[in-house]
Amino acid sequence: MISRTWILAGGLLLIPCLLAARGADAELSSHLKTLRAVGPKGAGHRDAVAASQAASKADPSQLTTILAAMDGANPIATNWLRGVAEAVAQRATVSKALPIRNLESFLADTSHSPRGRRLAYELIAVSDETAESRLIPRLIDDPSLELRRDAVALALANAAAASGKDAQLAAYQKTFRSCRDHDQIKQAADKIKQLGGKVDLPLHYGFVTTWRILGPFDNVNDKGWDAAYPPEEKVDLKAKYPGQKGEIGWIEATTSDEVGNVDLNKVLDKHKGAIAYAYAEFVSDKAQEVDLRLGCINANKIWLNGELLTANHVYHANTSIDQYLARGKLNKGKNTILLKVAQNEQTEEWAQEWRFQLRVCDAIGTAVLSQDLPSAASASLPRTVR
Amino acid sequence: MKRFLTLIAATAALLLFSAADWRQFRGTDLTGVAADSRLPTQFDVKTGENVAWTTPLLGKGVSGPIVVRDRVFVTASSGPVTQNRLHVLAFDAKTGQQVWKRDFWATGRCYHHPTSANAAPTPASDGERIFAFFSSNDLVCLDLDGNLLWYRGLAHDYPKAGNDVGMSSSPVVVGKTVVVQIENQGDSFAAGIDTETGETRWRIDRPHAANWASPGMLRLKDGKELVLLTSGKGLTAHDPLTGEQKWSYDSGCSIIPSVTAANGRIYLPANGLTVLDAGEGSAPSLAWESNKVVPGNSSPVVDGDKVYTLRGSVLVCGNEKDGDVLWQERVKGTFWATPVIAGEHAYCVNQEGQCLVVQLGEKGQVVSTNELGEAVLGTPAVAGDALYIRGEKHLIKIAGANK
């Protein structure tokens with residue numbers, strides 16, 4: 001009898017609390033929607049400024065709702081949401097009200113955005129010293145590059161601590177397959193080689209190593225940059241063309257460089273004020289979106305199946321692996337990749353390089369390999385890599 | 001009446017500046033001078049002599065610190081492959097304790113020379129907000145407590161904006177506009193951003209060439225302010241609210257040191273040093289040029305009737321009136337940071353991590369060489385009687401006892 005009365009009273013008391021919570025959720029949801037609507041060039045800012053300040057007052061229990069708003073958000077909106085989440089988390093950390101369990105559930109759910117999940121982990125780690133050892137090792141093949149990196153770092157440390165050369169080699173080889181960041185790839189590869197193992201770096205990265213090269217065409221005073229020389233209209237590997245200094249034809253060049261560099265000064269000789277084209281065919285087992293990632297210290301353009309994906313009119317301002325990213329769609333079967341690599345006439349010693357490196361990979365850098373690769377190693381790779 | 005009101009407004013604006021603030025690259029008024037500050041002339045990070053505190057910093061950064069009210073603000077960047085994680089850090093000026101930290105993901109190009117960092121530009125403030133700018137052309141606005149007010153990804157808007165050697169032009173606040181200069185071989189422009197909303201007030205095309213110089217500010221006699229932009233093509237002056245070009249001066253400028261304006265004059269790193277008399281609403285006129293008072297990587301500093309430049313590893317003092325060299329003093333090292341002047345001393349911080357204190361006067365004299373123990377590329381800040389130095393690994397406060 002007593003219990004029924006108490007239950008009824010408790011229920012009545014709960015109703016306003018639930019209504020208030022629902023109201024707070026609806027309010028936050030509205031602010032998050034405004035923040036997600038932030039676009040390029042300041043679009044949506046006026047509303048978002050107010051929404052950001054209001055959302056920053058959210059209850060810590062709503063943190064995962066804020067993180068979930070990063071799902072599918074553009075990079076600018078993602079940063080607005082991060083700013084809100086960190087402000088809320090700072091209050092929660094002070095009051096020891098971080099919803100650790102909810103954050104861990106959020107982290108475990110790979111359907112959420114990699115950045116939202118990474119932030120969830122960072123918030124957990126602020127107040128839980130065991131977070132790294134508890135949560136990170138299982139994330140070695142995570143779609144979040146940042147989480148995967150931490151897991152790889154732990155695995156590399158464990159490999160170094162393994163007893164015996166064979167155990168170390170096996171551990172490094174296993175870890176190597178999960179490496180996506182260049183420094184970790186190099187670290188693991190170096191260790192494998194030291195221990196007597198073999199690595200195929202171009203294969204791991206997905207570098208295209210065999211090209212047909214044509215050049216030089218004229219680029220004195222940069223006039224070749226906008227000029228559409230014949231390969232931009234049609235690639236005919238048997239054709240001859242009037243080049244900058246005489247008749248030219250396509251030359252086959254295969255690079256043995258570990259990171260796929262093709263040195264045009266060696267393939268074509270040194271030329272200044274010159275244009276070179278590089279052509280490769282790529283066989284895909286399915287239609288798929290891929291990254292074409294180019295490192296090139298010269299001005300460059302990339303076409304995939306005749307479609308211009310990117311043009312970078314920049315000369316001699318540093319270079320590195322993955323310097324330029326272009327997203328494109330491979331057709332099932334044969335695809336064509338065409339590069340234009342422009343050298344200018346700068347005379348400084350550091351301005352003599354004329355080279356490129358290009359790889360094909362997915363959005364987190366996992367190699368996508370041409371199916372006609374004459375490589376025994378590629379045949380043994382798991383499908384996700386091959 | 002209108003002129004009177006303008007004068008009142010200008011005076012009020014000046015009063016709002018806290019004397020203890022150092023709100024942007026080379027100080028609130030971009031001159032690099034804190035005339036009323038008195039700093040220790042000798043200090044030692046190792047022994048702690050005249051070192052109020054040092055606090056470790058995460059990541060990398062070659063930006064300078066700024067000081068607003070009782071807080072020191074610093075930017076940093078980190079990342080395993082590219083420095084794509086951006087940090088804005090706030091420290092208690094009295095204790096050096098970190099008050100808050102905010103992280104963001106860069107939305108533009110993050111490549112840079114190994115000696116530089118994504119956190120290369122010095123942040124700026126209007127006294128209420130922090131504008132943290134990065135080589136990746138991300139511009140973050142936070143209040144002094146770390147609450148995000150707005151976020152712009154200027155290279156997200158203009159994807160070809162960037163220089164893979166790194167960019168380092170610092171933002172400058174002029175009235176209610178934060179001005180950024182993004183000059184490179186790709187999308188090259190300068191923009192005035194509304195400090196309150198983060199919206200673009202104006203955007204103008206700039207030469208398609210690398211440029212690391214920061215915008216300057218010219219305050220006219222009536223209190224009006226103009227934005228100064230320099231490049232290899234010359235100097236232009238712009239209305240801070242509209243970006244409208246008011247005048248230009250054709251003289252190819254150096255692309256590393258920045259323009260300084262003080263006492264109705266413009267000190268331009270061009271043809272050595274070009275000094276212009278600012279007109280009131282009209283183009284400036286040449287006062288003098290010198291191929292001896294020449295800025296190297298550091299920007300010129302003007303204090304009273306003298307102009308100082310770091311020419312290589314020589315501090316040159318010139319007569320502000322005619323450019324005559326008054327004295328030169330050798331200060332060893334490679335300098336990227338602009339010297340700051342506090343009271344009667346110049347503080348020159350070299351890349352090797354030494355702060356050389358030079359007594360200023362009839363002659364210049366190095367009175368001490370103080371080891372900081374780590375590389376320094378960013379220009380220090382002076383606030384009150386304290387010097388704040390952003391080293392490679394630490395933020396360092398130099399001050400006498402109880403400061």
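Predicted model: local features only at pLDDT ≥ 70, side-chain atom pairs only at ≥ 80, totals over all residues.
Which residue follows H4(A) with a positive phi? Lys96(A) does, with a phi near 55 degrees.

Chain A is built from 14 helices and 12 strands. How spread out is this chain? Its radius of gyration is 27 Å, well over the 21 Å that the globule rule gives for 386 residues, so chain A is more spread out than a compact globule.

What about the inside? Of the 386 residues in chain A, 42% are buried. And if you take the contacts in chain A between residues at least 6 apart in sequence, 69% of them join residues at least 24 apart.

Now zoom in on helix H5 of chain A, which covers residues 100-108. Its buried residues are Leu103(A), Phe106(A) and Leu107(A). Look down the axis of H5(A) and these buried residues fall within an arc of 100 degrees, so they line one face of the helix. What do the buried residues of H5(A) pack against? Their partners are helix H3 (63-68), helix H6 (114-127) and helix H7 (131-135) of chain A. Turn to the face pointing away from the buried side of H5(A), and you'll find the exposed residues Arg101(A) and Ser105(A).

Back to H4(A), then. At 1.5 Å a residue, its 20 residues should span 28 Å, and the end C-alpha atoms are 29 Å apart, which agrees. This helix is mostly covered, with 16 of its 20 residues buried.

Where chains A and B touch, chain A puts in 32 residues and chain B 29 residues. On the chain A side, helix H2 (45-55), helix H4 (75-94) and helix H10 (182-194) each supply at least two residues. The largest share of that side, 11 residues, comes from H4(A). Sorted by class, the side of chain A that touches chain B has 10 nonpolar, 14 polar and eight charged residues.

Notes
Residues numbered from 1 in each chain as written. Chains lettered and ligands numbered in written order. Contact = placed C-beta atoms within 7 Å. Helix = DSSP H or I, 4+ residues; strand = E, 2+ residues; numbered from the N terminus. Nonpolar A, V, L, I, M, F, W, Y, C, P; charged D, E, K, R; others polar. Rg over C-alpha atoms; globule rule 2.2 N^0.38 Å. Buried ≥ 20, exposed ≤ 12 C-beta atoms within 10 Å, placed from the backbone. Arc of directions from axis to C-beta. Expected span 1.5 Å × (residues − 1).
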